Amino acid sequence: MVKTVINPWEWQNELGYVQAVEVKEVKSTLYVSGQAAVNPDGTSSNADMHTQFKLAINNLETVINQAGYACKDIVRLTIYSTSSKEFMSTCIDLLKDFARKHEMKQSLTLLEVVGLNETMNVELEATAVK
């Protein structure tokens, strides 16, 4: 597999993502359903967004790893949040740390939505390739 990052600018580097990722010679692709703050027993978290985002990241890491991929294989990450403003003020550092920890170079979209399932306020959807 050959990954090429396309970054016409540098400002996004501080936010932990890239503008585009071109992938060639892919052996396999993993499409990960929305991972949210769901506890191992299946109950939804009713914690604040920062705490929910930590659990959602852990759940995403678990699914990616169990599928035989690594988080560095993520090429696209979509974040659904009930408040973009709250996400940017309470979760952006977690996102940057997550991307740095795994040496990720993924495209990213943050979407504000009216609501998510049950008590959730943030959810992650990813595509990984190898």
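**Exercise 1.** Which residues lie nearest the centre of the largest pocket, and how many residues line this pocket?

*Solution.* The structure is a predicted model. Begin with the lining: 13 residues line the largest pocket. Of these, Asn-13, Gly-16, Tyr-17, Met-104 and Lys-105 lie nearest the centre. Next, sort the lining by class: five residues are charged, four are polar and four are nonpolar. Finally, consider the volume: the largest pocket holds about 190 Å³ of space.

**Exercise 2.** Determine how many aromatic pairs the whole structure contains, and describe the pair formed by Trp-11 and Tyr-17.

*Solution.* A search of the whole structure gives two aromatic pairs. Now examine accessibility: Trp-11 has a relative accessible area of 48% and is partly exposed, whereas Tyr-17, at 16%, counts as buried.

**Exercise 3.** Describe the aromatic pair of Phe-53 and Phe-87, and state which helices it links.

*Solution.* The geometry comes first: the centres of Phe-53 and Phe-87 are 5.0 Å apart, with 85° between the planes, and the pair is edge-to-face. Then locate the residues: Phe-53 belongs to helix H1 (residues 49-66) and Phe-87 to helix H2 (residues 84-90), so the pair ties together parts 34 residues apart in sequence. Both Phe-53 and Phe-87 are buried.

**Exercise 4.** Identify which residue lies over the face of Tyr-69.

*Solution.* Lys-130 lies over the face of Tyr-69, and its distance from the ring centre is 4.5 Å.

How values were computed
Residues numbered from 1 in each chain as written. Predicted model: local features only at pLDDT ≥ 70, side-chain atom pairs only at ≥ 80, totals over all residues. Heavy atoms only, no water. 1 Å grid on protein atoms, 1.4 Å probe; cavity = no way out; pocket = protein on both sides within 12 Å on 5 of 7 lines; lining within 4 Å. Points joined across faces, edges and corners; volume = space filled by probe spheres on them. Nonpolar A, V, L, I, M, F, W, Y, C, P; charged D, E, K, R; others polar. Phe/Tyr/Trp six-rings, centres within 6.5 Å; stacked < 30°, edge-to-face > 60°. Buried < 20%, exposed > 50% of the residue type's maximum accessible area, 1.4 Å probe, protein only. Helix = DSSP H or I, 4+ residues; strand = E, 2+ residues; numbered from the N terminus. Lys NZ or Arg CZ within 6 Å of the ring centre and 35° of its normal.
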